[in-house]
Amino acid sequence: MNLIRLLPWVLGSGILAFATDVKITAPAPLLCPGAPSPRFPLFAAEGWQATSVLGNLSTPRGILLDAYGNLVILERGIGVTAYEVDKKGCVVQGSGKVVVEDRRLNHAVELSPDGKTIFASNIDTAWSWDYDPSTRTVTNQKTLVTGMSTVGHWTRTLFVSRKNPHLLLVSVGSDSNIDIPSFDPASGRSQIRVFDLRRIGEGGVDYNTNGQVVGYGLRNDVGIAEDKAGIIHSIENSMDNAFRAVDGIRTDVHNDNPAEKVNRLGDPANPTQFFGGYPYCYTVWEPRDFVETNFSVGDWFVQEPNATTGITDAWCNENASKPTVILPPHTAPLDMKFGVKNDTSLYVPLHGSWNRDIPQGYKVVIVPGQDSAEGEWSPTASLAETKESAQDLLWNTDAGACRQGCFRPVALAWHPSGRNLYVTSDTTGEVFLLKRTLKFKPGKAY
């Protein structure tokens, strides 16, 4: 994809018309008249237009489109809301309706493949409701999974398999930056479990003692996606404040290590307990920071190699499963979506860093990928090469200045046509629409 940093004109509707440094072009037509202006300028890749379609929301997190094309959003402090969308993909202003009123809900919102059941959760409990998209109403609340409270990462991701719609995957993060007890799969932390909805009775089931472990050693895998073959992938927020201590010498490597990463977890109907390495094994992003070891991009490292305990770089190579994609450290990927129809790219919102001298992230990126004959997804680049393969789709003016204010993307939702992609920004209370303006060509990233 040819990404051109463009000079924006912010129009009254919030649409950005683009002109390059070389040639000034006419402003783009208004996409969504009456929509609010974005709080910060939006920059989009060539072949896309970006606009704000909703503003002044209450910390929007998860987002999806229901069977009637309504935008369904998890808004913290309110619950689940829904908004009508017109044929152009614009939100009908003033159409918002509260679907589930529950201030405890904090991140995830999910729909069953048939569109008739909605799922959401708080820090401890996941629920479902029967959902009618024609009226945007729910009935028959059910408790599904309980016992997920932690003192650390407090959002829960819920994902219903499209291939196996009776399977609900639930992600619980670590209790702290380095949660050593979570190395044990029985801890119920730093892992993703799968539950058979057909076997959950009244009152639900306890997370720690029920379900099957799909993957563990996953520090905080907030994004979950399923490829066309039914294989589950997750995206991980890795460690903060990283260091390397060898022979009594401690080196700070946290600015550019470890990498965030995408994990291939496998078939949720036949889980194999994928081990992602945490809390011992981390992925090298910048090898030059390690002065005592000749690392390459994508290698495993441990903070304090210990021959006595056996926790060493070599132990990681033997026991932990490597990721398929790496992304810049501390960028905080909070969702992942595969392209629809013949678009085989992976789309990732990077919420943005706090644990870095110069902030980075605060954008949506595309990772070029490919599907096998069976539909299993993989990146087109090798693991090390994925360091350079991600391409900007939507970005702020200057990520390095984002401590002073920027939009922060959280979650993504595709229109089934593949032409419209919606993005939530929690800190600014907005939803953006990315509209594809070039005809999609297989094999080309957009």
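Here is a short chat about the disulfides in this predicted model.

Reader: Which cysteine forms a disulfide with Cys 32?
Author: Two sulfur atoms count as a disulfide when they sit within 2.5 Å. The sulfur of Cys 32 has a partner 2.0 Å away, and that partner belongs to Cys 90.

Reader: How many residues apart in sequence are the parts that Cys 32 and Cys 90 tie together?
Author: Cys 32 and Cys 90 form a disulfide. Cys 32 is in the loop between strands S2 and S3, while Cys 90 is in the loop between S7 and S8, so the parts they tie together are apart in sequence by 58 residues.

Reader: Is Cys 90 buried or exposed?
Author: Buried means under 20% relative accessible area. Cys 90 comes in at 4%, so this residue is buried.

Reader: Which helix holds Cys 316?
Author: Cys 316 forms a disulfide with Cys 281, with the sulfur atoms 2.1 Å apart. Cys 281 lies in the loop between strands S23 and S24, whereas Cys 316 lies in residues 313–319, which is helix H1.

Reader: Is the disulfide of Cys 402 and Cys 406 left-handed or right-handed?
Author: A disulfide joins Cys 402 to Cys 406, with an S to S distance of 1.9 Å. The torsion about their S-S bond is about -80°, so the disulfide is left-handed.

Definitions and conventions:
Residues are numbered from 1 along each chain as its sequence is written. This is a predicted model: local features need pLDDT of at least 70, side-chain atom pairs count only at pLDDT 80 or more; totals for chains, interfaces and linings use all residues. Side-chain values use heavy atoms; hydrogens and water are left out. Helices (H or I, at least four residues) and strands (E, at least two) are DSSP runs, numbered from the N terminus. Buried means under 20% relative accessible area, exposed over 50%, partly exposed in between (1.4 Å probe, protein chains only).
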